[in-house]
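Subject: Structure handover

Hello,

Here is the structure for your files. My notes follow below it.

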Amino acid sequence: MKKLLFTLLLSATTILGFSQGNVYKLGTGKFEGLAMTPPMGWNSWNTFETKIDEKLVKETADIMVASGMAAAGYNYIVLDDGWMTKERDTDGNLVPDPIKFPSGMKALVDYVHAKGLKFGLYNCAGTHTCAGYPGTRGYEYQDARFYANLNIDFLKYDWCNTEGINAKEAYTTMSNALKTAGKPIVFSLCEWGDNKPWDWGKPVGNLWRISGDIYPCFDCEYKHPGNWSSWGVMKIVEMRKDIRKFSGPDHWNDFDMMEVGNGMTIAEDRTHFAMWCMMASPLIAGNDFRKMSKETLAILTNKELIAVNQDKLGIQGFKLSAEDGLEVWVKPISDGNWAITFLNRTDVSKKINFDWKKNPIKDADFGYEADFNKVIFKIKDLWENKEAGTTKKNFTADIASHDVITLKLIK
Ligand code: GLA
């Protein structure tokens, strides 16, 4: 009987929490359905690191709308590390830096919302963020209430200074804290893939990083002092190409914020963008919108490529073949159609002569198939935005070094 009473009491307290005399509902699990297609937006880190302020955010929001980025689907403005003061206040609350954000964070959130956009912030599961600001460890419920009161829409939650803690539990605690605070917030796990978030992240968050930090190079490893590396775009694509079955609507493999417009060649930027679209990665721009070239804008707002990324099936693409540095990547999309990307990884231009009939597609993870002996597809070139024949004939084209050709095969 005693045991029964204890069990009843325990299950009641998991539903109801008691705090300062109030009774409130403890939530569990992420907010479902907030990211049915990969989130799109902008994050401050890749270009600005901790040199962020309200002027930058307002200008970025203004350009996001005026440039056509918002109309193309980009809607989250996410402030990464460096938005706080180095200490919490005497009540333990986080403090937005009053020098960087003199009008206050709430006013900035309201400004971004008034533009029809959404607002995100960053913190860390550890004692401190990666840049040394107060981390959330031990303050999960308090910080979640702080974010809910600010009315933010997105939280990126990092993994620095977490020695000795369990990743699944740390992220679950924060997820539950957000749910309990009650404001729907996209929860972005930034755990770098060390503890395989794809194995446990689906009920916890809406997206999870799968690698260490990106670096604006095509295929390099950039070694930092202290035994950690940042990764070129192809390194990230290769690193996690085999975990596609864990990604899907509302639980995305996140290939990191983009470096389009941050120093690679136009061909490399096009490849970077095409591959993020093919992999159904979140599309979070990381460039300075105030200095964005028209080429960068054209890449980031390519509607056809974005439609591949945002396709409602939400399936991450895979490598169909590779020969002499010429790779073929495919992604099943709605209505029996496919996206297909030819990618030249070599330093010289190449000729493509692709015989569809000899290259049937079989998606072992999701069961989609295309046999070009049985079905003829119409072809659309998504970069040129024009019809390109059918799969009856071989596809022939020249492809420059580090460049891509992306086609849509239409049933
Ligand atoms: C980590 C993350 C980055 C960025 C920085 C901020 O390295 O992976 O994306 O958030 O921290 O310090």
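One definition before the notes: helices (H or I, at least four residues) and strands (E, at least two) are DSSP runs, numbered from the N terminus. With that in hand, A125 sits in the loop between β5 (118–124) and α6.

Now the ground rules. This is a predicted model, where local features need pLDDT of at least 70, side-chain atom pairs count only at pLDDT 80 or more, and totals for chains, interfaces and linings use all residues. Residues are numbered from 1 along each chain as its sequence is written, and side-chain values use heavy atoms, with hydrogens and water left out.

Confidence

pLDDT is the predictor's confidence in each residue, from 0 to 100. The chain averages 94. A score of at least 70 is reached by 94% of the residues. Residues 1–19 are the stretch to flag: their pLDDT is below 50. Beyond near neighbours in sequence, that stretch has 15 contacts in the model. Contact means heavy atoms within 4.5 Å.

Whole chain

The secondary structure comes to 12 helices and 22 strands. The radius of gyration is 23 Å, close to the 22 Å that the globule rule gives for 411 residues, so the chain is as compact as a globular protein of that length. That radius is taken over C-alpha atoms, and the rule is 2.2 Å times the number of residues to the power 0.38. Along its principal axes, the C-alpha trace spans about 75 × 60 × 45 Å.

Of the 411 residues, 52% are buried. Here buried means under 20% relative accessible area, exposed over 50%, and partly exposed in between (1.4 Å probe, protein chains only). The accessible surface comes to about 18000 Å². Carbon and sulfur atoms own 53% of that surface. Areas come from the Shrake-Rupley method with a 1.4 Å probe; for residues, only the protein chains shown count as cover.

Residues 24 or more positions apart account for 68% of them.

On charge, the chain has 50 positive and 52 negative charges, and their mean positions are 5 Å apart. Lys and Arg count as positive, Asp and Glu as negative; His and the chain ends are not counted. Each charge is placed at NZ of Lys, CZ of Arg, CG of Asp or CD of Glu.

Loop residues

Back to A125. A125 is buried, at 1% relative accessible area. Leaving out residues up to four places away in sequence, A125 touches R137, Y157, D158, W159, T162, I165 and A170. S44 lies 81 residues from A125 along the chain, and their C-alpha atoms are separated by 19 Å.

K100 is in the loop between β4 (76–78) and α5 (105–114). Its relative accessibility is 17%, so K100 counts as buried. Setting aside neighbours within four places in sequence, K100 is in contact with T50, I52, D53, E54, G82 and Y133. G82 is 18 residues from K100 along the chain, with 9.4 Å between the two C-alpha atoms.

G205 lies in the loop between α8 (197–200) and β8 (207–209). Its relative accessible area is 0%, so G205 is buried. G205 touches K30, F187, L189, D250 and H251, not counting residues up to four places away in sequence.

G116 is in the loop between α5 and β5. This residue is exposed, at 61% relative accessible area. Its C-alpha atom is separated by 8.8 Å from that of A70, 46 residues apart along the chain.

Positive phi

N151 is not a glycine, yet it has a positive phi of about 70°. N151 is in the loop between α6 (140–150) and β6 (154–158). At 29% relative accessibility, N151 counts as partly exposed.

H402 is not a glycine either, and has a positive phi of about 60°. Its loop runs between β21 (395–399) and β22 (404–410). H402 counts as buried, at 13% relative accessibility.

Best regards
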